[in-house]
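Thank you all for coming.

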Amino acid sequence: MDEKYIAEIVRKVFEKAKTEHASHSRFALSSHISDHSDLSSKTLERAYDRYINKKKKYGAPQAESVDLCCKYLGYDNYADYIKKRKTVPATKWTIPILVVVSLVLAIVMGIRYGNNSNPTGEKAENQCMAWADSLYVEVPCTSKPYSSFGTKVEPMDITKLKHFKKVEVNMATQFFSEDDKPLLWYHKNKEGEIEYFTAPGLHPTNDETLRKITPYIIQTYVPVHSYKKDSFLE
């Protein structure tokens, strides 16, 4: 199976799910697709990370999973998808036109962001950002009210852009500073799962206030872990 076609199929699967489900987070979309197919939500989350978030820590999905993705899209299997896949015939003008368009867009975007940059301030009035599964990314303000990630477009906040992220934790994670100040904040979703963030504030998709990490949360939800320094596994 061709990797570029697998990536295309995965993107189309999640694009379809976005038209069927109100929440566009990775977890919500994966759960929705899993409910309407024989795919597991974990397989879908890994595919989302690999092909949409561009995180290569997970390998390509197995052929059976790719076939199931194609079935979700309305095809019999991967071979049927490739057979029926529509392609745009190239002409001798296609490449030159694409090059010109790309150059024009690059110049326009460069001028726009160059004129509107504000390296010393915490906020830039003419730049925007949106939550993209685990961190904030820059997006055009013209994409309001919602970004391509399905999240609301917000005014640029440089501090949030650089420092506010959702992270995974394990028994080696440092939860407190040397003077016992919290380094992580958490949110417990409706499914009872804990999400961890690197800064305080509001949850990026539901606006609920994040809570600072506590020894109780660590001992209850992080496997084989205690907040005390001498209890970390070697």
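This is a predicted model: local features need pLDDT of at least 70, side-chain atom pairs count only at pLDDT 80 or more; totals for chains, interfaces and linings use all residues.

I begin with a polar contact of 3.0 Å between the side chains of H203 and T205, where a polar contact is a pair of N or O atoms within 3.5 Å; within protein, one must be able to donate a hydrogen and the other to accept it, and residues adjacent in sequence count only if both atoms are side-chain atoms. A second polar contact, of 2.9 Å, joins the H203 side chain to that of E195.

Residues are numbered from 1 along each chain as its sequence is written, and side-chain values use heavy atoms, with hydrogens and water left out.

Where does H203 sit? H203 is found in the loop between β6 (194-197) and β7, with strands taken as DSSP runs of E, at least two residues, numbered from the N terminus. With a relative accessibility of 5%, H203 counts as buried, given that buried means under 20% relative accessible area, exposed over 50%, and partly exposed in between (1.4 Å probe, protein chains only). Leaving aside residues up to four places away in sequence, H203 touches H187, E195, F197, E208 and L210, contact meaning heavy atoms within 4.5 Å.

Now to the sheet, which is open, has four strands in the order β4-β6-β5-β7, and pairs them in the antiparallel sense; two strands pair if DSSP finds at least two bridges between them. Because β4 (166-167) and β7 (211-212) stand at the edges with a single partner strand each, one side of each is left without a neighbour in the sheet. Strand β5 (residues 185-188) pairs with β7 over two bridges, and W185 has K212 as its bridge partner in β7.

Last, the rings. Rings of Phe, Tyr and Trp (its six-membered ring) pair if their centres lie within 6.5 Å, with planes under 30 degrees apart counted as stacked, over 60 as edge-to-face and the rest as tilted, and the count comes to seven aromatic pairs. Y75 and Y81 form an edge-to-face pair, 5.0 Å centre to centre with 85° between the planes; Y75 is partly exposed at 23%, whereas Y81 is buried at 0%.
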